[in-house]
Amino acid sequence: MQPAPNHHAKGFIMVEGIHRRDFLLATGGLAAGMTVNSSAAHAATPTAPFEPPAGRGGHYVPNRAPLQPVPFQKLPPGAIEPRGWLAQQLDLQVKGLCGRYDEISDFLPYEGNGWVDPSQGAWEELPYWLRGFGDLGYVTGDTGVLTRAERWLNGIIATQAPDGWFGPSRLRTSLEGGPDFWPGMPLLAAFRSWYEYSGDERVIPFMTRYLQFQDGQPAEVFNRSWGAYRWGDNIDSAYWLYNRTGDEWLLDLVGKMHSGSADYVNGIPTWHNVNLAQGIREPLQYGLLSGDPAHSAATYRNYATIMGLYGQFPGGGFAGDENSRPGFGDPRQGFETCGIVELMHTFEMLTRFTGDTSWTDRCEELALNLLPASYDEQQKVLHYITSANSIQLDDGVKHGQFQNGFAMQAYKYGVHQYRCCPHNYGMGWPYYAQELWLATTDNGLAASMYAASKVTAKVGAAGTTVSIVADTDYPFGDAITLTVTGSARFPLYLRVPGWAAEFTVTVNSVKTPARAEGGWVKLDRAWRSGDRVKLVLPMRTTTRTWSANQGAVSVSRGPLTYSLAIEERTEVIGGTPEWPELAVYPESPWNYGLVAGSSFDLVRRTVPRDANPFTHAGTPLLLKGSARRIPQWEADSEDVVGLLQASPARSTQPVEQVTLVPMGAARLRITSFPSVAARGAEWRYRTRVTASHVNDGDSLEAVDDGRTPSSSADTSIPRFTWWDRRGTTEWIQYDLRAVRVVSGVSAYWFDDTGFGACRMPAAWRVLWLDGSTWREVVGSSAYGVERDRANSVSFAPVRAQYLRVEAVLRPGFSGGLLDLAFS
């Protein structure tokens, strides 16, 4: 065996200051009309018509023919000034990990870095960081960030060779003798932002020469390594350059990229989470050139497939702790921080290309729920994986949960442990801030996502510069007030989120009978300074039932998903006083189910104006509701929250009032809840499994997960192995949680002959713990080692709580199990 490749309940509107019950969880589940089914929530079929229309007008570089026209154009960096909580998050980023990561990461010293000294080595770390770091400066105007970013960009431009190559020379031949184009992709994005911000005239010829170098490469170069799964990034840069130069060879190059790309058109070619987050948009991007609706349909279909299989929990992400894997879709699985920000970027791009507000809704869901949960309150450390259900963030490897052989959940600056994520996460908020407002091809503006901000842009037939200030507490409040400065006639589009069952629009305090076409409200008029638009999006507390994940329930209000407020104890586990590494432990019970038939109260709190709303102390909104403990729902042997079981679950524990906080404010959380009812299903204690050794990519719990193998070489379900120990004597142990009479065992051995190094064991036996002594069972039948079947053994009954299977591995080979059951 080889390790896996690393690759709306209808409720009452809250009246300010009054606690009204606006949610009802019905007996045995949810009342009719109250449940949002998970499959419906993640349906990914485009709806039409969309507004604004796609076209070739506008003031901000529309698509040239033959590229398909699109409805939106991105405004240049600096056109949008974030305010309120978003400005706060960006300020934390400037002072925290992204803004100062060059003080910490040994991939980011300027001197001796391959990106400014081609004789030296370097790869993706500097490109990842600089992409977000530069945009952080453009959005915030921080002079320190701007100065350092410009130094790097100048240094990189100076490395360009006569043939167009730039950066480390060794990357020219690092992939089978050919170039590795992947790390250049995020750098092209960095240069594009710099050009849009500064107008630096060197950028266009720099990118032209580099893409000409790509165009001269043989076809096989385009289908290698990470770049093959991420050509969508490079296609976007080629389109960007073509729209400014009109060089038709760039479109031929796009065809080469698409031909060399992993095939996202006919299915899903990879299950690596970041590849998917970037790659699913590639067919639709290529469709802007091909005009083939099948390419757009492939992007919609792939998203629906991924979320249907692995996105069956709240927060907007999917189970991708490196790779999405069959059998690992419980909400305790998580989404890599790189995946969060890359998928946000994909959604932002798809919004601009299609006008489909479902993509915008999904971007908001990720940004407002998962992203702030991925780092500590000061944005100085982050973790690799963020989960919907997560009760302890320690520094231990989790063999029953995550794939990689390193700890993934403690908060670290993670230069080498997490490596890609702390370098890459910085684009999340700066890109989000730049996508709040979009230019339209009919010379207007669109409020695409909502946060306090000010936009300054050209509008109207004459390209008049106007400003619009958005005053709002969204997503913590439901009103957005827009005040215009400047006079011009232009269309103003307002997005109505998919969760909004109703909305109202007033212009200068006069209610407007507005309709939402394709999710957009259009206000076309001659605007004058001082004109004021107010959009109200009444937020209701609703639930979603995750029918494909044990019927679990999540609770949302508007774009925010809510999590159980678990008291948190933070412990410094390493680092330095300036950059402490942190673990977080629970200090209150977490194993609650929501009581069927109960209701929730919305509680508004007065918090300091400068409070961080993505913290327990700073969030202005809470939900209060009724729940019962489920004693049998426990952490596993590695302190990971236990797998969900079927809802509704039976509980006779006292009813307690519990508090829910926004998901992004919770470092520990239960977000996917069981429901509990008097006649619910019995929740069983899970067997605790330990072993002498377990491969870091395998699962201790695989042997007791109830899945039936199709063969001994079945890799479609979780497995347990002792890899890479070979020829040794190993054991796996069950704690049955209570003394039982046991007289038999059934072992389905894992054997991957033909593609791995696991084999049936040479011999095995069963032992039981008698007091403090392990004893072999007596009177046993033959210990079978047959492939593709369960090998059953009977023996004289023993009364025991702890049992072991001890296996002698064949010389030169390892071994493992797909199923192990005692009877």
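**Domain, cores and cysteines**

Reply: Happy to! UniProt, in an unreviewed entry, places the feature "domain: F5/8 type C" at residues 671-823; such annotations may be inferred rather than shown by experiment, and feature names are shortened. This is a predicted model, where local features need pLDDT of at least 70 and side-chain atom pairs count only at pLDDT 80 or more, while totals for chains, interfaces and linings use all residues. Residues are numbered from 1 along each chain as its sequence is written, and side-chain values use heavy atoms, leaving out hydrogens and water.

Me: How much helix and strand do residues 671-823 hold?

Reply: With strands taken as DSSP E runs of at least two residues and helices as H or I runs of at least four, this stretch is 0% helix and 44% strand.

Me: What is the largest nonpolar core?

Reply: In soluble globular proteins, nonpolar side chains tend to be buried together. A core joins buried (under 20% relative accessible area, 1.4 Å probe, protein chains only) Ala, Val, Leu, Ile, Met, Phe, Trp, Tyr and Cys residues through side-chain atoms within 4.5 Å. Here the largest has 192 residues, with Leu492 and Trp437 among those with the most contacts inside it. Helix H14 (residues 337-354) gives the largest share, 9 residues. Another core, of 29 residues including Leu736 and Phe822, lies apart from it.

Me: How many disulfides are there?

Reply: A disulfide is a covalent bond between the sulfur atoms of two cysteines, taken here as a pair within 2.5 Å. The whole structure has 0. For Cys420, the nearest cysteine sulfur, that of Cys338, is 3.6 Å away. Cys420 counts as buried because its relative accessibility is 14%.

Notes:
Buried means under 20% relative accessible area, exposed over 50%, partly exposed in between (1.4 Å probe, protein chains only).
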